[in-house]
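Hi everyone, thanks for coming along. I'd like to walk you through one model today, so please have a look at it before I start.

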Amino acid sequence: MGNRFRSCSLLFSISLIIILCVPSRVNCTEFEVGGHNGWVVPKSRNNDQMYNQWASQNKFKVDDTLRFKYSKDSVLVVSEEEYESCRSTKPMFFSNNGDTVFKFEHPGVYYFISGVSGHCDRGQKMIVKVLAEHNPKPEPLYSHSAAPAPAPAFTSAPSPSHHSRAARSIPLLSITNLPLFLILLVFVLFA
């Protein structure tokens, strides 16, 4: 009985170490559109680009989500043409539940508008660019003409306080590690 318990404990310990050493977290971020104000009609014509300005200050990637909080309104994902005209008869996505979460399934450009008549025309619309997750090859220091590559432009990052109000990181267990962990747990408990 003691040997069996020791063997199971050792197997469990090794399994736990393997699970912890293998990357087991996938980080995605949930962004709250409009911060504390939520998804609302801009108060003045001077703010008709407020959502695009907000989106341009954030970096979005596949599996990130946008949370839209609103009342008596809606969120639509539309084509570029429908975004420009503020009209959509067949949106790619529609929600009017007051607390909409939209997940980015693929990289590209997403166009959001309010579905309430007149709201989009008054600035309740947004363009979001979602980056592809890849590791680009480093650029060579010199091109074929032996001229030095231009120096990268440096920009200041948004302040941490701004980012913390707009987004939060949501750690998730990896799909590949969770079943392995459950199988090992069942084995240890019932073997």
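Let me begin with a question: which side chain of opposite charge is nearest to lysine 125, and how far away is it? Keep in mind as you look that this is a predicted model. The side chain is glutamate 84, at 5.2 Å. Lysine 125 is buried and yet has no salt bridge, because a salt bridge here needs the nitrogen within 4 Å of a carboxyl oxygen. This lysine sits in strand β8. Leaving out neighbours within four places in sequence, its contacts include Trp39, Tyr51, Tyr83, Phe112 and Ile113.

Let me step back to the overall picture. The protein has 5 helices and 9 strands, and 31% of its 191 residues are buried. Taking contacts between residues at least 6 apart in sequence, 74% join residues at least 24 apart.

The mean pLDDT is 75, with 55% of the residues reaching 70 or more. Please be careful with residues 135–165, where pLDDT stays under 50 and the model has 12 contacts beyond four places in sequence. Residues 169–175 are also below 50, with 19 contacts beyond near neighbours in sequence.

Now to the inside. The largest nonpolar core has 20 residues, and those touching the most other members are Phe60, Leu66, Phe68, Phe104, Phe112, Met126 and Val128. Helix α2 and strands β3, β4, β7 and β8 each supply at least two residues of this core. There is also a second, separate core of 7 residues, with Val78, Tyr83, Cys86 and Ile113 among them. Beyond four places in sequence, methionine 126 has contacts that include Val33, Trp54, Leu66, Phe68 and Phe112.

Back to charges, then: the structure holds 5 salt bridges. In one of them, glutamate 30 pairs with arginine 67, with the closest N and O atoms 3.0 Å apart. That pair connects strand β1 to strand β3, across 37 residues, and both partners are buried. Arginine 67 also meets aspartate 99, at 2.8 Å from N to O. This second pair links strand β3 to strand β6, 32 residues apart. Aspartate 99 counts as partly exposed because its relative accessible area is 35%, while arginine 67 has 17% and is buried.

One more pair before I stop: lysine 103 and aspartate 63 form a salt bridge at 3.6 Å. Lysine 103 is partly exposed, at 39% relative accessibility, and aspartate 63 is partly exposed at 32%.

Notes
Residues numbered from 1 in each chain as written. Predicted model: local features only at pLDDT ≥ 70, side-chain atom pairs only at ≥ 80, totals over all residues. Heavy atoms only, no water. Core = buried A, V, L, I, M, F, W, Y, C linked by side-chain atoms within 4.5 Å. Buried < 20%, exposed > 50% of the residue type's maximum accessible area, 1.4 Å probe, protein only. Helix = DSSP H or I, 4+ residues; strand = E, 2+ residues; numbered from the N terminus. Contact = heavy atoms within 4.5 Å. pLDDT = per-residue confidence, 0-100. Lys, Arg positive; Asp, Glu negative; His and termini not counted.
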